[in-house]
Amino acid sequence: MSHTFDIQQTGLTGDVTGEGRPILLLHGLTATRRYVLQGSSLLARQGFRVASYDARGHGESAPAPEPGAYEYRDLLEDLRAVLDLLDLDRPVLAGSSMGAATALALALEEPERVSALVQITPAYEGEPRSEDLEEWDCLARALDKADIDAFLELSGVNRIPERFREIALKAVRQRLERHRRLDAVADALGVVPRSAAFDGLDGLNTLDVPVLVVASRDDTDPGHPLGVAEEYARRLPRAKLVVEDEGESPLAWRGSSLSKAVAEFLADPP
């Protein structure tokens, strides 16, 4: 059973499918709720209640009330609103990239609200970016003009190994075409990299919840460094790190395999 929900006061849109232990999915910057588990329904079939939503300005959700309101504190308030609306009692929070940082920020502030975390290709290093901001701004300008071809050229997808390039280009194009307002995604691109999800990594050292850290290797996904995922796993007391074998496509790209890894982790957490 599946149904769509809307939160009028925030303009967020999402859906819920399945019955059982709750899992809430949080997607990455420029993605939508379809691109956390890549469309896999395995977790819902295995007895989980899977909820997901499009972040503000993304997918079917409304833009932020002003162009600058895409900071992590704004995303965190949206996450709390979804938890309250759906009455999710200590769900698993499974976030990818921007969604991973948002989920971790909530767990650090209110650990009693979550039962476990799945950190898929985390990229936040404990402080806002200070380098490569012009590259992010160029990507934002491309989306503001709805120029997906320019975005793809600037994104670096053309530089990943050739055996994965075509499928990656197709996936990025498809996810961009799912947005109602590319100009709103452009606004988010200009704000999120400059924003602080939480203050430093020291808080990870004492976070007492099970955490599955899903990494990607740098040759296929340099924007989500393997070293960041390894540092998360080193610091988090109850963490397990998984990464694809050399030469394989990233686990984060393979929804069924990723879902299986999540289910196995939750069945026997550290």
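Hi everyone, let me start with a contact: Arg80 and Glu110 form a salt bridge, with the closest N and O atoms 2.6 Å apart. Arg80 sits in helix 2, while Glu110 belongs to the loop between helix 3 and strand 6 (116–120), so the pair ties together parts that are 30 residues apart in sequence. Are these two partners buried or exposed? Arg80 is buried, with a relative accessible area of 14%, and Glu110 is buried too, at 18%. Before I go on, please keep in mind that this is a predicted model.

Let's stay with charged pairs for a moment. How many salt bridges does the structure hold? The count is 20. Another one joins the side chains of Arg173 and Asp149, at 2.5 Å from N to O. This pair also links distant parts of the chain, with Arg173 in helix 6 (residues 162–176) and Asp149 in helix 5 (residues 148–155), 24 residues apart. Here Arg173 is partly exposed, with a relative accessible area of 30%, and Asp149 counts as partly exposed as well, at 48%. There is also a network of salt bridges, and it links Asp15, Arg33, Arg34, Asp54 and Glu60.

Asp15 and Arg34, along with Thr17, Ser40 and Ser52, lie nearest the centre of the second largest pocket, which has 17 lining residues. Which elements give two or more residues to that lining? They are strand 2 (12–17), helix 1 (42–45) and strand 4 (48–53). The volume of the second largest pocket is about 260 Å³. By class, its lining divides into 7 nonpolar, 7 polar and 3 charged residues.

Rolling a probe the size of a water molecule over the atoms shows where empty space is left. In this structure there are 2 cavities of 30 Å³ or more. The largest cavity holds about 90 Å³ of space. Its lining is made of Leu26, His27, Tyr53, Ala55, Arg56, Leu75, Asp78, Met98, Gly99 and Thr102. Which element gives the largest share? That is helix 3, with 3 residues. Sorted by class, the lining of the largest cavity has 5 nonpolar, 3 polar and 2 charged residues.

The second largest cavity has a volume of about 30 Å³. Around it are Arg163, Arg217, Asp219, Thr220, Glu244, Asp245, Glu246, Gly247 and Glu248.

Arg254 is partly exposed, with a relative accessible area of 26%, and Glu248 counts as partly exposed at 36%. Then have a look at Ser249, in the loop between strand 8 (239–243) and helix 9 (255–267). Leaving out residues up to four places away in sequence, Ser249 touches Phe164, Glu244 and Arg254. With a relative accessible area of 19%, Ser249 counts as buried, because the cut-off is under 20%.

Let me finish with the nonpolar interior. In soluble globular proteins, nonpolar side chains tend to be buried together. The largest nonpolar core here has 69 residues, and those that touch the most other members are Leu24, Leu79, Leu93, Leu117, Phe198 and Tyr232. Helix 2 comes up again: it covers residues 72–86 and gives this core its largest share, 8 residues. Leu26 is a residue we have already met, in the lining of the largest cavity. Apart from this core lies another one, of 24 residues, including Val50, Leu251, Ala252 and Phe265.

Technical notes:
Residues numbered from 1 in each chain as written. Predicted model: local features only at pLDDT ≥ 70, side-chain atom pairs only at ≥ 80, totals over all residues. Heavy atoms only, no water. 1 Å grid on protein atoms, 1.4 Å probe; cavity = no way out; pocket = protein on both sides within 12 Å on 5 of 7 lines; lining within 4 Å. Points joined across faces, edges and corners; volume = space filled by probe spheres on them. Helix = DSSP H or I, 4+ residues; strand = E, 2+ residues; numbered from the N terminus. Nonpolar A, V, L, I, M, F, W, Y, C, P; charged D, E, K, R; others polar. Core = buried A, V, L, I, M, F, W, Y, C linked by side-chain atoms within 4.5 Å. Buried < 20%, exposed > 50% of the residue type's maximum accessible area, 1.4 Å probe, protein only. Contact = heavy atoms within 4.5 Å. Salt bridge = Lys/Arg side-chain N within 4 Å of Asp/Glu carboxyl O.
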